Amino acid sequence: MAKKECVAQYKDESSMLRSRRDKMNTGEQSPVSTHHESTQEENTEDDRLSEGDSQSLNGTSAQHDQGIYSPNNEAQSTVFFLLVVLLSFSTRLYKIMEPPHVCWDETHFGKMGSYYINRTFFFDVHPPLGKMLIGLAGYMTGYDGTYPFLKPGDKYEHHNYWGMRGFCASLGSCLPPFAYLTVLELSQSLTAALITAAVLAFDTGCITISQYILLDPILMFFIMGAVLSMVKFNRQRYRPFSAPWWFWLVLTGVNLSGALGVKFVGLFVILLVGLNTARDLWSLLGDLHLSLMDFGKHLLSRVFGLILLPLFLYVTIFAVHFVVLNKSGPGDGFFSSAFQSRLIGNNLHNASMPEYLAYGSVITVKNLRIAGGYLHSHWHLYPEGVGAKQQQVTAYLHKDYNNMWLVHRPNDSDAQSGEPDLVRHGDIIRLEHKETTRNLHSHLHEAPLTKKHFQVTGYGINGTGDPNDLWQVEVCGGQKGNLVKVLRSKVRFLHRATGCVLYSSGKTLPKWGWEQVEVTCSPYLKETPNSQWNIEDHINTKLPNISLSVLKPHFLEILLESHIVMIRGNSGLKPKDNEMNSKPWHWPINYQGLRFSGVNETEYRVYLLGNPVIWWLNLVSLGLYVVMVAAASLALRRGVQLDKRRIEHCRVLLEGGGLLLLGWLLHYVPFYTMGRILYYHHYFPAMLFSSMLTGITLDTLLQSADLWLRPPYSHWLLRGGQAMLFLAILDSFYMFHPLSYGMRGPLAHDPDSTMAGLKWMDSWEF
């Protein structure tokens, strides 16, 4: 009976509050809304219990904060929201111009903003929206795109950089207000929302990462925007197809496209919204009073708002990207010859060259694997213990004079007068490196990294070598006698002595190989892009030229190619020797930060590290949440008699907290599976969800004071706990704020340092 009484009581209160809310918001209910409510009222008590979590999250206005916040008191909520906005912007815009030099990854993303202003094409492993917005912010605030951003520590001098930093800081300042509104919607508790806002507003890590020209504040802005819009949309479920319902649905889709358009990490919030949507549709499908026609409308509206619209906007971002970056730049070599032909200033743009390969020609040879590189050699030799100590042959991703090769017959009898002979399918050739005059060579020594392949080297002097310098040209899909077409023919080079095929493995060589791409000779003769090449540059004054304008690819082709290059580039980001990186288990415990600026006591030092009190509080709250959810679930399952306020606490923990826990897991756990290099800043999207979960968990814990003490002692415990929590957050911010706003003078181990006594872990480096 206890279980049924609780359910009936909760049902009556939910109906009354939902009716009052709908009348306040709309004056009267739409027919669809009324029909859906009546459907819910006809559910059995057991169905109400199993589905009540969803309705409690989205359809009730719980007044469990003992007078601190009433959902109808919008003025009070607005005042606190404005206070959160003020604190957030003031903490992030403070000292925004300091230090006046390049810090950490500003060298990359500031430079890319300059590329957009100058319309110069470049390559990056992330989608373009973040860099595009940085460039736009710089352009709108007077930056002319001339600063080189060469390395951290370079002075900005007279260059105008405040607009780009200010733009990133402004988006980062939106995170605490967004989190405040999200938690307020999920919990209907002003205290929970204020705890969340305080945690984010006074976290030194969130402040630091928002103050510089980086992608992270832009990414987190769209992630939090998507989560807030999704929660707001969930609240509109009793007013389907109304203007607010459509507004929040469309805004969710816009933010999803923005998150993915900045970094591929945006896929995680897309998955979160997708799971929430699938659950919502499953609930609607189980409503037998909702016709299949109406369910179809719900399904199609979500397909439009959460799939088609974000996809259209995402593709539009790339369309703008390709239109703006129409000049040749440092990213050309990562892309195919056809892609390069569309870039103004590239040697293939509106170019003309001989159509067919001939003996005596000077050529460059490009691997057809995306980001496979140009066949390249240089004066450096392979080190001791790496095959034969002969000249290195690699694949290089940039245009360079050392990419040039001469095409010879095996016996050096190239035609010296008249029309040169053309190279055909099946011909035996020798490739001589133009700069060093050594021949492309292979032998039975194993390759440097791909041990089952053979080493490729440069061998001989002035073109004189041995039979291991001979290669047979094979046009893929060709027949004996077919000519080799420049750019259009896919060519393989078969080594005559060993029978292997010239191959770009895609693996990055160590520093002795200048971190270029390994070239091998593969004994596995299956045709793959790694073993296929095309002739890109072709110089031969004795042959007539043709226009290459026919090579320009269509938009969908360059869109697909750019994504393949980005994905492979991302997976190729491996730790370099002595490079600072971290592991996912380091992040939640705040094990190690990142130097943004300065190392010694004479420099202006900024250190990215989360406020340890806040981060460890988040970690403790995760454990508390699991324990509290287990207790709440057990109580509900066993039918323990609970008052309506306690039932609502359970609903908030299970629904609101469950959504945030899922968001944290989706943004954190996948990093354990990634092979690419990882840094501390990768945890910050997950930290947003952890902080919101902390607000709900600690608020619910404090609201449960009456479980241990009777009034008025429980009330004193509640107020005392809240006061101590906010004071601890403020005091810890005061102690650690130099991490964000800059430190000068002695290091932390010195008693005279501003951070003396605050180096609580040996792994911290400030």
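Hi everyone, and thanks for coming. The model is predicted, so local features need pLDDT of at least 70 and side-chain atom pairs count only at pLDDT 80 or more, while totals for chains, interfaces and linings use all residues. Residues are numbered from 1 along each chain as its sequence is written, and side-chain values use heavy atoms, with hydrogens and water left out.

Let's begin with the whole chain. There are 21 helices and 16 strands in it. The chain has 766 residues, and 57% of them count as buried. Buried means under 20% relative accessible area, exposed means over 50%, and partly exposed is in between, using a 1.4 Å probe and protein chains only. Now for contacts, meaning heavy atoms within 4.5 Å. Take the contacts between residues at least 6 apart in sequence: 76% of these join residues at least 24 apart.

Next, helix packing. Please find helix H6, residues 129–140, and helix H7, residues 162–173. Their axes come within 7 Å and cross at roughly 130 degrees. Axes here are lines fitted to C-alpha atoms, for helices over the stretch in contact, and angles run from 0 to 180 degrees between N-to-C directions. That makes H6 and H7 oblique to each other. On this scale, angles under 35 degrees are roughly parallel, over 145 roughly antiparallel, 65 to 115 roughly perpendicular, and the rest oblique. The H6 and H7 crossing is right-handed. For handedness, picture the near helix turned from the far one by less than a right angle: anticlockwise is left-handed, clockwise is right-handed.

Which residues of H6 and H7 meet? From H6 we have Leu133, Ile134, Ala137 and Gly138, and from H7 Gly163, Met164, Phe167 and Cys168. Sorted by class, the residues of this contact are six nonpolar, two polar and no charged. Ala, Val, Leu, Ile, Met, Phe, Trp, Tyr, Cys and Pro count as nonpolar, Asp, Glu, Lys and Arg as charged, and the others, Gly among them, as polar.

H7 also packs with H11, at an angle of about 30 degrees and with the axes 8 Å apart. This crossing is left-handed. H7 brings Phe167, Cys168, Leu171 and Gly172 to the contact, while H11 brings Pro217, Ile218 and Phe221. Here the classes come to six nonpolar, one polar and no charged residues.

Is His433 buried or exposed? His433 is buried, with a relative accessible area of 0%. Leaving aside neighbours within four places in sequence, its contacts are Ser377, His378, Gln391, Asn402, Met404, Trp405 and Arg438. With Ser377 there is a further detail: the backbone oxygen of Ser377 lies 3.3 Å from a polar atom of the His433 side chain.

Asp699 sits in helix H19, residues 684–703, and is buried at a relative accessible area of 1%. From Asp699 to Leu718 is 19 residues in sequence, and 9.3 Å in space, C-alpha to C-alpha. Arg237 is in the loop between helix H11 (216–234) and helix H12 (243–262), and it is buried too, with a relative accessible area of 15%. The C-alpha atoms of Arg237 and Asp280 are separated by 9.2 Å, though the two residues are 43 apart along the chain.

Last stop, some backbone details in the loops. Between helix H4 (74–93) and helix H5 (106–118) we find Pro99, and the peptide bond from Glu98 to Pro99 is cis, with omega near -10 degrees. Lys95 is in the loop between H4 and H5 as well, with a positive phi near 55 degrees, in a residue other than glycine. Lys95 is partly exposed, at a relative accessible area of 29%.

Where is Arg119? In the loop between H5 and H6.

Finally, Pro712 is in the loop between H19 and helix H20 (713–736). The peptide bond from Pro711 to Pro712 is cis, with omega near 0 degrees.

Methods. Polar contact = N/O pair within 3.5 Å; in protein donor to acceptor, adjacent residues only side chain to side chain. Helix = DSSP H or I, 4+ residues; strand = E, 2+ residues; numbered from the N terminus.
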